Amino acid sequence: MRAVIAREPGGPEVLEVQEVTDPAPGAGEVVIEIVAAGLNRADLLQRQGFYPPPPGASDIIGMECSGRISAVGEDVDGWQVGDEVCALLAGGGYATTVAVPAGQVMHVPAGVDLVEAAALPEVACTVWSNIVMHAGLEQGDLFLVHGGAGGIGSFAIQLASALGARVITTVGSADKATYAQSLGAERAINYREEDFVEIAQGLGGADVILDNMGAKYLMRNVEALADGGRLAIIGLQGGAKAELDINALMRKRAAVIGTTLRSRPTDGPRGKAAICAEVVEYVWPLIESGRVKEQVSRTFPLAEAAEAHRHMESGDHTGKLLLTT
Ligand SMILES: NC(=O)c1ccc[n+]([C@@H]2O[C@H](COP(=O)([O-])OP(=O)(O)OC[C@H]3O[C@@H](n4cnc5c(N)ncnc54)[C@H](OP(=O)(O)O)[C@@H]3O)[C@@H](O)[C@H]2O)c1
């Protein structure tokens, strides 16, 4: 098969297409002939050598894909050769073929194009598991998502709105503010010009925050929380180490949660298979009814993975970027 390989850790130019051995399905796995793969910000870190795959996972970059099942391993029920699917991967998405545990495979929601379905697994599983399974977002809650025009953010705005939350978000430009509001945010805060803490507090405090910045925003996020609020941290774009005023957290009876999707086991409570099952049950119907829509702003051929990485690094994109085979 063909795969995008990073010759060595480095800039986008280290990515090149090579011929590599086809994967075979292990027990409990299926093989997918990939039609499209989603880009994720963490892919940039993996290319630079900072985000190695979990033990046993493919070292090819790529955490999600869509395509057709081309082989089914032993002990797999429910999937057949030819099924159109999308899947959450621990690695291996930037390729023409991938083997994946059957529990991480989801049917393509009705009405979604097979290519565009590659934009769904990471955002749907990350956002659902964090805001609902961990942070317990409820109807009427005030939800703050940082980076509302990005891949995760654009999905989180729509999903939280569809679940009946009031949504506010941070963005880096006026155009992105307009985009985030078109997705359902009642207020888009330009993080370069405005103070999200002040705005969240003025609205009574956020019940749930989904954060991509880590250290840089830790204490400001705690300040922005309402009493009993939950801060779910999923990204470290602002660093990994910060001081936490535990007293401030205790006075608010608040919680700080941190999760990564990629390092979770497939099985077990809140494992990847359990998350995928909930996403299919609760999120796919919202997509099928048109309440939530995949947000693909640009697709690149697999051979132009370097250009796709440059585009994501520029920060100019909105929503998701895809590679197509
Ligand atoms: N833990 C997990 O399981 C998991 C899974 C998936 C993703 N993630 C993380 O989620 C984050 C988003 O990933 P993605 O793939 O959606 O990437 P993306 O599309 O590139 O989004 C990055 C976002 O960061 C925003 N941003 C940059 N500086 C900011 C600041 N100072 N304040 C607020 N927002 C800021 C950008 O906003 P503007 O473009 O408006 O400037 C952009 O929306 C990344 O940190 C990624 O690692 C974590």
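1. Domain bounds, as used here, come from an automatic or database domain assignment. On that basis, the protein chain of this predicted model divides into domain 1 (2-120 + 294-324) and domain 2 (124-258).

2. The relation between the two domains can be stated in two ways. Their C-alpha centres lie 28 Å apart. In terms of contacts, 11 residues of domain 1 touch 12 residues of domain 2.

3. The ligand site draws on both domains: domain 1 and domain 2 each contribute at least three residues to the shell around the ligand. In total, 25 residues surround the ligand, and the closest are R41, K176, Y191, Y217 and Q237. By residue class, this shell comprises seven nonpolar, 14 polar and four charged residues. Among the secondary-structure elements, α2 (121-134), α3 (151-162) and β9 (166-171) each provide at least two residues of the shell.

4. A polar backbone atom of L261 is 2.7 Å from an oxygen atom of the ligand. For N212, a polar side-chain atom is placed 3.0 Å from a ligand oxygen. At G147, a polar backbone atom is found 3.2 Å from an oxygen atom of the ligand. As for the surface of the ligand, it exposes 930 Å² when taken alone, and the protein buries 88% of that area.

5. T259 is located in the loop between β13 (255-258) and α8 (272-288). Is this residue buried or exposed? T259 has a relative accessible area of 14%, and it is classed as buried because the cut-off for that class is under 20%. Its side chain makes a polar contact of 2.8 Å with the side chain of N130. Once neighbours within four places in sequence are set aside, the contacts of T259 are N130, H134, I233, I234 and R264.

6. A177 belongs to helix α4 (residues 174-182). With a relative accessibility of 15%, A177 counts as buried. Beyond residues up to four places away in sequence, A177 touches V171 and A188. A177 and G214 are 37 residues apart along the chain, and their C-alpha atoms are separated by 22 Å.

7. Most residues other than glycine have a negative phi. R253 has a positive phi, near 50°, and R270 likewise has a positive value, near 60°. R253 sits in the loop between α7 (246-251) and β13, whereas R270 sits in the loop between β13 and α8.

8. How exposed are these two arginines? R253 counts as exposed, at 57% relative accessibility. R270 has a relative accessible area of 42% and is partly exposed. The two fall into separate classes because exposed requires over 50% relative accessible area.

Terms used:
Residues are numbered from 1 along each chain as its sequence is written. This is a predicted model: local features need pLDDT of at least 70, side-chain atom pairs count only at pLDDT 80 or more; totals for chains, interfaces and linings use all residues. Side-chain values use heavy atoms; hydrogens and water are left out. A residue is near a molecule or strand if one of its heavy atoms lies within 4 Å of it. A polar contact is a pair of N or O atoms within 3.5 Å; within protein, one must be able to donate a hydrogen and the other to accept it, and residues adjacent in sequence count only if both atoms are side-chain atoms. Accessible areas come from the Shrake-Rupley method with a 1.4 Å probe; for residues, only the protein chains shown count as cover. Helices (H or I, at least four residues) and strands (E, at least two) are DSSP runs, numbered from the N terminus. Ala, Val, Leu, Ile, Met, Phe, Trp, Tyr, Cys and Pro count as nonpolar, Asp, Glu, Lys and Arg as charged, and the others, Gly among them, as polar. Buried means under 20% relative accessible area, exposed over 50%, partly exposed in between (1.4 Å probe, protein chains only). Contact means heavy atoms within 4.5 Å.
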